Amino acid sequence: MTEAALPAPVSAPAVDRERLAAVGFVLPSFVIIAGVFALPLVLLLGVSIVDANGLTFAHYKRLLGTPYYLGVIWNSLRLGLLTTLIAFLISYPAAFALARARGPLRSVLLATLFLPLAASVIVKAFAWTILLRSDGIVNETLMALGIIEDPIRMIFTETALIVGAVNIFLPFMILPIYAIVAQLDPRYAEAASTLGASPVVTFFRVILPLTLPGIIAGVALVFSLSVSAYVVPTLLIGEKYPTLATTIAKAYLLAREPGFGAAAGVVLLAIAIAIVALSARLSREPK
Amino acid sequence: MSESSPHLVVRGVSKRYGPTTVLDHIDLTIRRGELVTLLGPSGCGKTTLLRAIAGLVQPDTGKVELAGRDITNVPPHKRNVGVVFQSYALFPHLTVAGNVAFGLKVRGMARREIDIAVERALALVKLGHLAGRRISALSGGQQQRVALARAIAVEPDVLLFDEALSALDRKLREEMQVELRRLLQDVKATAIFVTHDQDEALTMSDRVAVMNKGRIEQLAEPRELYLRPASLFALNFVGLSTRIAGTVLAAGNGKVDVETRVGRLSALGNFQAGSPVIVAARPEQLRLGEQGEANSAAGRVRSVVFQGSRTLVEVDAGAGESLLAELSGRDGAIPRLHDEIRLSWPVAETFAFPMEAQA
């Protein structure tokens, strides 16, 4: 910033103009980010450490010192990690299938991936409750087929939560991986094989490293979305699986404890930032 | 294994993609240490043949043997071939040294031996000082050398080059042709080049296989290929020529007399009287003026192109036919545009090819 603001005394006029243009292009988004994102975050941080008596860390002590709230943090992490892991395991082969598909098949596959993004998260979460509840489609079908006699409890279990979350966040994992795989030159695998690498060795030494940027982007997206998900746990599992997101909502809406809600928000943000920073570090080119 | 015994044998290899026959019963035998070029236009099957040898394409019929081993059904990673791709396909996530070491690492070679082999391979292509560089930091010519070092490092039984020089600019390409040939001869490599560039084929190879429509039209040393083309296609694809259509009047003793629109010409060849043929000669065989028993034709000079040591003269011989002569300064006066001249050339250097082969 300072570098752009200070005129470089020795640089040619053309370079100055280029730099000026760059600043001009960045400025609007910078103002928006600073105004509507960074500023509220600073306020949030302030609310979480200041109360009527001045500076306090009571909210953080409560959050990080109470077994219940440590459980809440663990629930959020668990939701984020499980969703990300399962979404990755499904998405990686799917991205290759998508990249290999040709013609109409590819269009259909891409459409099935993009169309759900147009539907609201609430609609999709409700759809899962309709499918999974005890008089839902899955139970009715299984009973009609005589496979089970009594409905299985599916809704309001952790399995339902993870299945729903994976389903809803899946496109955010597939798309970045697909974008990388689609551009992957098939000659790399051929070169590896002629150099003596078996298909398995080729996968781990060439394909996986070359698609790593897509994996990291997908992991960062899906983790930050699922760790902070609110609608999905609320509708698919409810009270018995409190997460940071539902705790924040409760603190603001029911308990009227904005300080505590802000502290929970800061912790959630810290977790998400840690994961994104880790991803950025991993995706940096190896030496 | 002796120097002249067959090292790579391709026998009756065919490949079809749907209705298209890409390789049509290809037979090819290459000796140890030989440098062979597959030369032909795009779509002639040369790259498919190379990929079949590398194991990247499974032929429908036929066999491939390498170093005394039937490798027809051996997957590429067990074939011990080295491939230099047109796009180089260098691994962008590895350094120069990492790329060269790749084939040795997957073979489970000891770390110290790998280091020695990598150093040697990079020294061979004069890139030892760039071992730690990233691939993206290299020029096209340097990448080409890394790809070569990577393929050579594993000491393959055969090196395969798929249009490997075509991405370089002309001057660099010509330098690399000479250097690469010397390098391959030094390490006694057996190599196959695929190219559509006749100069590259003639410069690089001990023998050239001219390919057309999935077949090898002629497999010969560069000199023989030029002086004794086996088909009209081979004649057209390598070097320049004068070509005149005509009909065989009389035949015998391996010679034919042909009636053409520029007069009666004699040529080498065995045809029945009445056959439609193309009579052809290389431009350096054509001389100014009459020569005893030789073929000759007259016309008006249409163009004169000075090319340093030689001058190309094109003559309009009337009736839509033209003659192409390459005259050197020693032949005396070079004719000027619109001059009426007569050109003659020896019967022994005149070929006849069947007309229908031109399709």
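Modeller: Happy to! Let us begin with the chain you asked about: the secondary structure of chain B comes to 8 helices and 20 strands. Please keep in mind that this is a predicted model. The C-alpha trace of chain B spans about 75 × 45 × 40 Å along its principal axes. Of the 359 residues in chain B, 52% are buried. Chain B exposes about 16,300 Å², and carbon and sulfur atoms supply 49% of that area. Among the contacts in chain B with a separation of 6 or more, 65% are between residues 24 or more positions apart.

The buried residues include Leu49(B), Leu50(B), Ala52(B), Ile53(B) and Ala54(B). Lys46(B), Thr48(B) and Arg51(B) are buried as well. Just after H1(B) comes Gly55(B), with a positive phi of about 90 degrees.

Further along chain B you can find Ala317(B), placed in strand E17, which runs over residues 310-318. With a relative accessible area of 13%, Ala317(B) is buried, since the cut-off for that word is under 20%. Setting aside neighbours within four places in sequence, Ala317(B) is in contact with Val262(B), Ala298(B), Gly299(B), Ser322(B) and Leu323(B). Phe271(B) is 46 residues from Ala317(B) along the chain, and their C-alpha atoms are separated by 25 Å.

Let us turn to chain A and its helices. Two packed helices are described by the angle between their axes and the distance between the axes. Take helix H10 (residues 199-227) and helix H13 (residues 258-283) of chain A: their axes come within 9 Å and cross at roughly 175 degrees. An angle over 145 degrees counts as roughly antiparallel, and H10(A) and H13(A) are therefore roughly antiparallel to each other. From H10(A), the residues in this contact are Ile216(A), Ala220(A), Phe223(A), Ser224(A) and Val227(A). They meet a set in H13(A) that includes Leu268(A), Ile271(A), Ala272(A), Ile275(A) and Val276(A). By class, this contact of H10(A) with H13(A) has 10 nonpolar, 3 polar and no charged residues.

A second pair to compare is helix H6 (residues 121-132) and helix H8 (residues 158-182) of chain A, which pack at an angle of about 140 degrees with their axes 10 Å apart. H6(A) and H8(A) are therefore oblique to each other. H6(A) passes H8(A) in a right-handed crossing. On the H6(A) side, Val121(A), Lys124(A), Ala125(A), Trp128(A) and Leu132(A) take part. On the H8(A) side they meet Ala160(A), Val163(A), Gly164(A), Asn167(A) and Ile168(A). The residues of this contact of H6(A) with H8(A) divide into 7 nonpolar, 2 polar and 1 charged. An α-helix has 3.6 residues a turn, so residues three or four places apart point the same way.

One last stop is a loop in chain A. Thr243(A) lies between helix H11 (231-236) and helix H12 (244-253) of chain A. Thr243(A) counts as buried, at 1% relative accessibility. Leaving aside neighbours within four places in sequence, Thr243(A) is in contact with Val72(A), Asn75(A), Ser76(A), Ala229(A) and Pro233(A).

Technical notes
Residues are numbered from 1 along each chain as its sequence is written. Chains are lettered from A and ligands numbered from 1 in the order in which they are written. This is a predicted model: local features need pLDDT of at least 70, side-chain atom pairs count only at pLDDT 80 or more; totals for chains, interfaces and linings use all residues. Side-chain values use heavy atoms; hydrogens and water are left out. Axes are lines fitted to C-alpha atoms, for helices over the stretch in contact, and angles run from 0 to 180 degrees between N-to-C directions. Helices (H or I, at least four residues) and strands (E, at least two) are DSSP runs, numbered from the N terminus. Angles under 35 degrees count as roughly parallel, over 145 as roughly antiparallel, 65 to 115 as roughly perpendicular and the rest as oblique. A crossing is left-handed if the near helix is turned anticlockwise from the far one by less than a right angle, and right-handed if clockwise. Contact means heavy atoms within 4.5 Å. Ala, Val, Leu, Ile, Met, Phe, Trp, Tyr, Cys and Pro count as nonpolar, Asp, Glu, Lys and Arg as charged, and the others, Gly among them, as polar. Buried means under 20% relative accessible area, exposed over 50%, partly exposed in between (1.4 Å probe, protein chains only). Accessible areas come from the Shrake-Rupley method with a 1.4 Å probe; for residues, only the protein chains shown count as cover.
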